[in-house]
Amino acid sequence: LFDGVYPFYPQQRKAAVFDISTIIVIVVFLALACSFLLIIPGIRGRARWYWTLRVLLSLFVGVVIVVVQFTGDWETGWVQANTSYKSFSPVQVNVDIGLHIGLAGVNVTLRGNPVNQINETINYNEHFPWSFGADYDRSYSQGLEKGLPSPILYVAEKFSTQSPCAVHRQYRTAGHYASATLWVAFCTWVISNILFSMPALVYGGYMLLVTGAFMIFSLLSFSTVRSSPMCVIQIGTSTLHVAYGGSFWLMLAIGLLCLVVGISIVAMHHLSLDLLKTFFDLREDKAEEHQEMPEVFINPHFMNKGL
């Protein structure tokens with residue numbers, strides 16, 4: 001062993017869906033949620049439930065916006081096939097081959113059925129980055145030098161810059177702009193929370209609408225890769241097809257949720273302001289602003305002196 005890993009496999013593997021960055025983001029937001037749950041008993045009445053719903057929903061939106069930046073399942077595909085395991089070898093193995101496409105790169109998974117075949121453990125998961133600043137072709141060349149199994153190299157070669165498929169540029173550009181748009185959505189989400197706490201409810205609703213709009217824009221940006229036909233990935237007698245994955249549909253659901261909540265807040269501001277302030281626990285402030293003194297206490301000494 002070389003520092004805990006095998007010498008012929010020097011870099012650490014990257015998970016297909018979750019990686020260290022994803023776990024760190026989730027832990028940070030869980031810490032914020034747990035901190036709020038510790039202080040929620042100090043809020044009295046129904047306002048406690050309103051605060052809980054608002055804070056947890058807002059944290060969930062924030063964590064989704066950040067986490068999908070690092071996930072690898074914007075597009076996914078699986079296929080089971082009998083294929084050669086190594087180049088220049090007639091030995092066939094039965095494997096499950098998975099393709100996981102994210103904003104920053106692609107993961108190729110190879111798992112044997114069963115895992116132990118031909119005196120080897122067939123369980124690979126390789127990451128090939130294409131984000132700006134990363135060299136996809138170099139990662140592919142390193143895979144060739146390490147002698148990765150043929151199915152992994154075959155699938156990864158489809159996304160290289162030299163491939164006749166010519167999809168590398170589309171995926172790289174679409175992923176870059178989708179990621180940038182999501183970071184803008186994260187900034188508008190922060191601003192909406194600041195406005196809700198000021199409180200400027202209607203402007204917070206507008207910023208929530210902007211947040212949902214940028215989420216939808218990120219999906220539209222990533223969807224542009226479908227404008228060019230994808231090469232057929234033929235493995236043995238089976239064909240690997242990809243479709244939108246969990247991160248794509250989760251982002252669509254959260255984006256629509258932000259739009260619905262933003263529209264609801266703006267509509268309530270114009271149609272039922274009292275109900276909106278009740279949900280945001282602001283009715284007491286309004287009562288103080290319009291409160292009239294039911295009784296007046298006058299000192300008789302000063303009253304007589306004035307007369």
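Thr76 has His100, in strand β2, as its bridge partner. The two strands involved, β1 (residues 75–84) and β2 (residues 92–101), run antiparallel and are joined by 10 bridges. Strands here are DSSP runs of E with at least two residues, helices are runs of H or I with at least four, and both are numbered from the N terminus; two strands pair if DSSP finds at least two bridges between them. The model is predicted, so local features need pLDDT of at least 70 and side-chain atom pairs count only at pLDDT 80 or more, whereas totals for chains, interfaces and linings use all residues. Residues are numbered from 1 along each chain as its sequence is written, and side-chain values use heavy atoms, with hydrogens and water left out.

Stepping back to the sheet, five strands form an open, antiparallel arrangement in the order β4-β3-β2-β1-β7. Strands β4 (120–129) and β7 (243–244) are at the edges with a single partner strand each, so one side of each lacks a neighbour in the sheet. Across β3 (105–117) and β4 lies helix α3 (residues 136–146), at about 160° to β4 (angles run from 0 to 180 degrees between N-to-C directions of axes, which are lines fitted to C-alpha atoms, for helices over the stretch in contact).

Turning to helix α6 (residues 201–223), Thr211 is found there. Thr211 is buried, at 0% relative accessible area (buried means under 20%, exposed over 50%, partly exposed in between, with a 1.4 Å probe and protein chains only). Leaving aside residues up to four places away in sequence, Thr211 touches Ile65, Ala185, Thr188, Trp189 and Cys258, contact meaning heavy atoms within 4.5 Å.
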